Every structure is written in structure tokens, then in C-alpha cells.
Amino acid sequence: MSASAPSPARRWRLDDRTTAVVLMLPPALLLFTLFVILPLLDAGYYSLFKWNGYGAPSEFVGLDNYAQVLGHGIFWQSVRNSVIVLVVSIVVQMPLALLLALLVYRQTPTNAAFRLVFFLPYILAEIASGLIWSFVFDGNTGVAAGMFAALGMKPFFILADKDWAFFAITVVVVWKYFGFHMMIYIAALQGVPAEMIEAGKIEGAGRWQIVRHILIPQIKPALMVSGFFAVVGSLQLFDVVIPLTNGGPSNSTHTIVTYLYAFGLTRLKVGFGSAVGVILFLAAIVVAVAYQRTLNKEAAR
Amino acid sequence: MNMSAFFAGLGRAVVLMLVSAFVLGPMLVTILGGFKSAGELRTNPFGFPQNWQTEFFSSILSDATFWRFLGNSLFISLVSVVLTLIVAAAAAYVFAQIRFFGARWLQAYLLLGLVFPFATAILPLFIKVRDLGLLDSYWAVILPQTAFGLSLSILLFKTFFEQLPKELFEAAWVEGCGYVRFFWRFTLPLSTPILATVGTFVFVSSWNNFLLPLVVLNSRELYTWPLGMMQFRGEYVVEWNRTLAFITLTILPSVAFFLAAQKYIVAGLTGGAVKG
């Protein structure tokens, strides 16, 4: 743009450009470096020390913290739980979201109302959602209690049951987030040209065939984005778990982040917690790279 | 054909009703539960209360700490919004408008935040905030959460700024209007839709944030409402109805805000997702 500028003013204009860059960019760079990048680099550094956070880290232990994390049964339990969340997101939540998106994506007042309802849980704070459901699941006074009483059964405390507590958490996750995925699909479905669907109908395609051969291929990018969010979301699940089980009973319902919180942060084991953070970071990078690759492959086709 | 259309319509209605019940059920029992006595909560968890008890609501509403929690959350969220809008829009404007050496690198650097979860660096972040002397202050929440929101905000702003008509800048430039002045006088006023979207997005995530305040706030006077709610739950662990009243009072503002700003919320979340 500056190339087309009238020449007399040019020198002054260049200075003006520099002023703008020097004035407008540093605040973002400073904040981002200080509170995002430096802590991230610190995590790598601290993870090599045994350190309780006071004084300077001095007890260098090499990769000991990593060995400790990877040798800890509860860590692997938390990884397993995060994988379960991911599987449920992909096998239950995304198909449910897609089904509902197909049912309500057309612009009518009733559809708009249903969209609003389905999206509502997403807007609530995770912590409030967790508390609401811990009441629902409560075997003493909650909704579960009422249901068991109505069926004439003894109350069952699902959140206190080692085998079922995490299943209960996945129900809450689906409840909380399917509306978000649905909205992504709806945005994409509304962008599918109406002529394509008309053409399909003229060729005698049924309802299901239109969905299968026209709509789903057309919204593939949206499906991939939502899959990416499902992975990232399952990696960082935290808030919902705290009010529901706080990682219990007997540490069976930790996710990676609640594990980091319980075993690194609350005990101020900075080195150990940082090692967990670094592992989480690496997992996120692997996901991002894999996602980018698939995107590139799709684009190359 | 008519038969099959009928059954398709029926199936559709049944699915929509079932999912609506699944979504709204827990919220309704929560709202109604706050009006029930402990005995009734046990015997009648689903239905309307026989006599509506309002004592929990009035005792919470007349409690100064409840308002304090909400006030803290509101203050932190508003400052975060203002700070994010200024800082992110300024940076995005530079990337959208000015070509200079290293611009691509700096932009890639600032977008790194899109990739990894906030929790990865939470422990070193705690140490950093402590060493800066910010621990247990509003800024301990505001600055890190603003920093973490920058990547997405910059991306959204930049995409929008690039779609603004180029001729406008060229005309202003010939008139002698500099880059910084153009930003204030033209770019920002023309960008209200995206400002609203990013602002709403930042506000909602700040309002609901739990992990960061949990880690960096100690004193009760500074608690945001999610922290206050968890503490309240701990205090009245046997009185579900009291807790349910508390939850109701805190989710109602969220729901009201959502209904008022849904356009921007949906645009921010899905638009950002699809473009990102």
C-alpha cells in the first residue's frame, strides 16, 4: 500500500508506520510473553527440579519427575479417564449433536427455540453444572433418590461408586457440551447450497440418502473442527469434575488436569506438577499437528 | 409416502422432546429445589413445591458476601473485556494493515495460545504471579486470563479488519491521517459487531472461570462467584435446598445475559471455531 503513496510525504509516513507498530504491538507481546510463554518455558525448566516453590530451584533431579509421573498408577487412571471422555465425545456426543443439528438447522421459530434450549447448558459455568448434577445424582435427597424410591429400590450413590462414578461424569460432559458441537454443525449446514439438496431430491434421493451423500460430505470441515475441540476439551476437563467427585472415590475419577491440580498444585510440588504440565502440552501439540496434517491432506485432495 | 412423512415427523418430535427434557430437567429441579423444605426435597424432588419457601433466597440476597462475590466477578470480567479489546484489536490492526519485517513471525507467535490448554502452565504461572507480587489481587486473575484470550481475539479481529474496505484507508491516508489515528477514528467504530462478539466471549469465559481464581485468590473478599459457590456448598453440605437457591441465583444472570447476547455468543463461539 505504501508503494502507491505520494513521494513528498513518504518519509514522514514511514515514521508514522513505525510509530504505529511500536505503539500498538508491544502491549499484546508483553502480556502474552509474560503470562503465557514464560510460564510455559518455566514449566519445562522446573520439571527438572525437585522444588516446593520457595527460594530458587536448586535440587536438580533430571528426568526423575517424569519417571515418577509415568510410574504413578493414578496418573494412568487419569489418562484413561480422559480417553474415555474423548471416546464418549466422539461416539455419543458428536452423533447426538449431528442428529439434533439436522433436525433443527432450518430457520423456523420453533427450531430457533430448540436451538436455544440445547445450547443453554454450554453457557452455564462448569462449576454450576457440576453442582446441579451432583444434586441430581445424590442418592439421599436428589433426583436419583426420588427415582430409586419410585422404583422401590435402595438408593444408589453413583458418584461414590468406583466403577460408575466416571460414567456419571461423562453424562454431565455430554449434557454440557453437545449443544456447542450442534451449533458448529448448524452453522455449516446453513451454508450448504439449497440447490444441491433440490438436485438430490429430483434424482429421487430419500431423506437418509440426502443426509448421507450430500449434507455430511458438505459439512466435513465442521465435523473436523468439532472433533478437534472434543480432543482438546477432553484433555483439559477440570471444572466439571471438581464439584461432582473431586477426583474420588479413591482417586478413580481424575482427569489429567484434576490430577495435576491434586498431586502437583495443592501439594506445591512444582517440579512434579510442571512435568505433568509438559506431558499435557506435548499431548496437545501432537493433537494439533495431527489435525493440521489431516487438514492439509483434505485440502490436497 | 404420507405415512413415512408422518412417522418421520413423529420421530423428530419425540427426539426433540426427550433431549429437551434431558437438558432442562436438571435445571428445573434445581430452580424448584431452592423453594422446597428439606423434607419435601426428599419426597417430591420433581414436582412443584407444595408451599413455596423463599427464606433461602431472601437470606442469600440479603447477605453482603453474595453481592461481593458477584461484584468481584463483574469487576474482573469488565476489566478483562476492556483490556482484551484494546490490546488485541491494536495488535490485530497492525497485522492486518501494516507489512513489516517479522510480522508473520510475531503473528504466529501470538497465535501459539490457540494450541495448548490453559492448565499446562498453571503451576509456573502461579509462581510467576507470586513473584510479581500480584498474588491475591484482582490483577492476578485479569492479566493471565487476558493474556490467554489474546490468541483467539487477535485472530477474530484480524479476520474482520482485513474485510474492511481498503479504499477507506487509502482515502484517509491521502488526507494525512496516520495509522494510529485511523485505528481510533475509523477501524474501531466500524468494527462494533466483532467488538461485541469478542467482548461477549471474553466476558462469559471470565465470568465462568474457576481454575485461575482458585489458584491465585486466597482472601474471601476477593472471591469470584464460582469460588464463593464452592465454599457455600462446603458450608451447607447437608442443606441441598440452600445450595440450590444459591445456584439458581447465580445462573439466572447467566441465562438472562445469554438470552440478551445470544447472537454474539453463538457468533463468537462457532465463528471463531470454524475460522480457527
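The structure is a predicted model, in which local features need pLDDT of at least 70 and side-chain atom pairs count only at pLDDT 80 or more, whereas totals for chains, interfaces and linings use all residues. Residues are numbered from 1 along each chain as its sequence is written, and chains are lettered from A and ligands numbered from 1 in the order in which they are written.

Chain B contains 13 helices and 0 strands, where helices (H or I, at least four residues) and strands (E, at least two) are DSSP runs numbered from the N terminus. The radius of gyration of chain B, taken over C-alpha atoms, is 24 Å, well over the 19 Å that the globule rule (2.2 Å times the number of residues to the power 0.38) gives for 276 residues, so chain B is more spread out than a compact globule. Along the principal axes, the C-alpha atoms of chain B fill a box of roughly 75 × 70 × 35 Å. Of the 276 residues in chain B, 46% are buried, a residue being buried if 20 or more other C-beta atoms, placed from the backbone, lie within 10 Å of its own, exposed if 12 or fewer do, and partly exposed in between. Two residues are taken to be in contact if their C-beta atoms, placed from the backbone, lie within 7 Å; among the contacts in chain B between residues at least 6 apart in sequence, 77% join residues at least 24 apart.

In chain A, helix H13 (residues 256-265) and helix H14 (residues 270-300) pack at an angle of about 165°, with their axes 8 Å apart; axes are lines fitted to C-alpha atoms, for helices over the stretch in contact, and angles run from 0 to 180 degrees between N-to-C directions. H13(A) and H14(A) are therefore roughly antiparallel to each other, the term applying to angles over 145 degrees. On the H13(A) side the contact involves A:Ile256, A:Tyr259, A:Leu260, A:Phe263, A:Gly264 and A:Leu265, which meet A:Phe272, A:Gly273, A:Val276, A:Gly277 and A:Leu280 in H14(A). The residues of this contact divide into 8 nonpolar, 3 polar and no charged, with Ala, Val, Leu, Ile, Met, Phe, Trp, Tyr, Cys and Pro counted as nonpolar, Asp, Glu, Lys and Arg as charged, and the others, Gly among them, as polar.

Helix H6 (residues 126-136) of chain A is mostly covered, as 10 of its 11 residues are buried, including A:Leu131, A:Ile132, A:Trp133 and A:Phe135. In helix H7 (residues 143-150) of chain A, the buried residues are A:Ala144, A:Ala145 and A:Gly146, and these pack against H6 of chain A together with helix H2 (38-43) of chain B. H7(A) is followed by A:Gly152, whose phi is positive, near 70°.

Most residues other than glycine have a negative phi, and most peptide bonds are trans. The peptide bond from A:Gly248 to A:Pro249, by contrast, is cis, with omega near -10°, and A:Pro249 is found in the loop between helix H12 (241-244) and H13 of chain A. A:Asn251 also lies in the loop between H12 and H13 of chain A; its phi is positive, near 60°, and with 19 C-beta neighbours inside 10 Å it counts as partly exposed. In chain B, the loop between helix H6 (122-131) and helix H7 (138-163) holds B:Asp136, whose phi is positive, near 60°, and which counts as partly exposed with 14 C-beta neighbours inside 10 Å.

Conventions
Parallel < 35°, antiparallel > 145°, perpendicular 65-115°, else oblique.
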